[in-house]
Amino acid sequence: MRPNRFLNNRFDLANWICGSANFNTFITLTLKQGLLDDTFRGQIRPIRREDCVKTAWLFRDRLTRKVLPSTRHGERLPLAAFVEGGEFQRYHLHIVAERPATMMFEQFSIAVCRATKNLSWVHNRIDTRPISYGRPEQVVNYCLEEGPDAFLPEASCLHA
């Protein structure tokens, strides 16, 4: 699902994203900045935006399997992924997700940690917190501070 071309600022985009789900959890995954890569002749390969996107959609799929174990017909956990960082700042992913009402926050937090367990680019700094200090639109607006390109539609699952 791609954002409407008429959404021209981050406030409109934040409202559009939050209109598709009842986001109640905010997750931040800090990413490693380089990995030892055999294809690079044993050198450390720096992270790229493509690695961030792939890590986000792998996380989305693994978290869905942990939280919704009996999914049918491609059902996925509603979430929106954002990438932040780059030249002068460590890359990290911000994710807003809709935690199922039947799941306690502590259980969801454990599922987040388990979903990141074997993701090679994810650093051990994982922050999961409920969105209780403001509206989800405010959190998404914060995630879009670097611009609308921070939104990763290919790694998000938004319901119409």
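View 1. At 8% relative accessibility, Phe-26 falls under the 20% cut-off and so counts as buried. Before going further, please note that everything shown here belongs to a predicted model. Tyr-142 has a relative accessibility of 37%, and therefore counts as partly exposed. How many aromatic pairs does a search of the whole structure find? There are 2 of them. Phe-26 and Tyr-142 form an edge-to-face pair, with 6.5 Å from centre to centre and 80° between the planes. This pair links distant parts of the chain: Phe-26 sits in strand S1 and Tyr-142 in helix H4 (residues 136–143), 116 residues apart.

**View 2. Phe-82 and Phe-151, another aromatic pair.** The ring centres of Phe-82 and Phe-151 are 5.6 Å apart and the planes stand at 45°, so this pair is tilted. Here too, distant parts of the chain are linked: Phe-82 belongs to strand S4, while Phe-151 lies in the segment after H4, 69 residues apart.

**View 3. The protein as a whole.** Here is the setting for the close-ups. The secondary structure comes to 4 helices and 6 strands. Starting at the N terminus, the elements run α-β-β-β-α-β-β-α-β-α. The radius of gyration is 16 Å, close to the 15 Å that the globule rule gives for 160 residues, so the protein is as compact as a globular protein of that length. Its C-alpha trace spans about 45 × 40 × 30 Å along the principal axes. Of the 160 residues, 46% count as buried. Among contacts with a separation of 6 or more, 72% come from residues 24 or more positions apart.

View 4. In which order do the strands of the open sheet stand? The 4 strands follow the order S4-S5-S1-S6, with antiparallel pairing. S4 and strand S6 (122–130) are at the edges, each with a single partner strand, so one side of each has no neighbour in the sheet. From one strand to the next, the twist averages 15°. Helix H3 packs on the sheet and touches S1, S5 and S6; the direction of H3 makes about 160° with that of S6. As background, strands of a sheet pair through backbone hydrogen bonds, either parallel or antiparallel. S4 and S5 pair in the antiparallel sense over 6 bridges, and Ala-81 stands opposite Ile-95 in S5.

**View 5. Ile-95 and its surroundings.** Ile-95 has its place in strand S5. With a relative accessibility of 1%, Ile-95 counts as buried. Which residues is Ile-95 in contact with, leaving aside neighbours within four places in sequence? They are Thr-25, Phe-26, Ile-27, Leu-29, Phe-59, Leu-79, Ala-80 and Ala-81. Val-140 is 45 residues away from Ile-95 along the chain, and the C-alpha atoms of the two are separated by 8.8 Å.

**View 6. The largest nonpolar core, seen around Leu-152.** The largest nonpolar core has 28 residues, and those with the most contacts inside it are Ile-27, Phe-59, Leu-63, Leu-93, Phe-108 and Leu-152. At least two residues of this core come from each of these elements: strand S1 (25–31), helix H2 (49–67), strand S4 (79–84), strand S5 (92–97) and helix H3 (105–115). Which element supplies the largest share of this core? H2 does, with 6 residues. Leu-152 touches Arg-49, Val-53, Ala-56, Ala-81, Phe-82, Val-83 and Leu-93, if residues up to four places away in sequence are not counted. There is also a second, separate core of 17 residues, including Phe-23, Val-96, Val-139 and Leu-144.

**View 7. Ala-111 in helix H3.** This last stop is at Ala-111, which lies in helix H3. Ala-111 is buried, with a relative accessible area of 7%. Not counting residues up to four places away in sequence, Ala-111 touches Leu-63, Lys-66 and Val-67. From Ala-111 to Arg-65 the C-alpha distance is 9.4 Å, while the two are 46 residues apart in sequence.

Definitions and conventions
Residues are numbered from 1 along each chain as its sequence is written. This is a predicted model: local features need pLDDT of at least 70, side-chain atom pairs count only at pLDDT 80 or more; totals for chains, interfaces and linings use all residues. Side-chain values use heavy atoms; hydrogens and water are left out. A nonpolar core is a set of buried Ala, Val, Leu, Ile, Met, Phe, Trp, Tyr and Cys residues joined through side-chain atoms within 4.5 Å. Buried means under 20% relative accessible area, exposed over 50%, partly exposed in between (1.4 Å probe, protein chains only). Contact means heavy atoms within 4.5 Å. Two strands pair if DSSP finds at least two bridges between them. Axes are lines fitted to C-alpha atoms, for helices over the stretch in contact, and angles run from 0 to 180 degrees between N-to-C directions. Rings of Phe, Tyr and Trp (its six-membered ring) pair if their centres lie within 6.5 Å; planes under 30 degrees apart count as stacked, over 60 as edge-to-face and the rest as tilted. The radius of gyration is taken over C-alpha atoms; the globule rule is 2.2 Å times the number of residues to the power 0.38.
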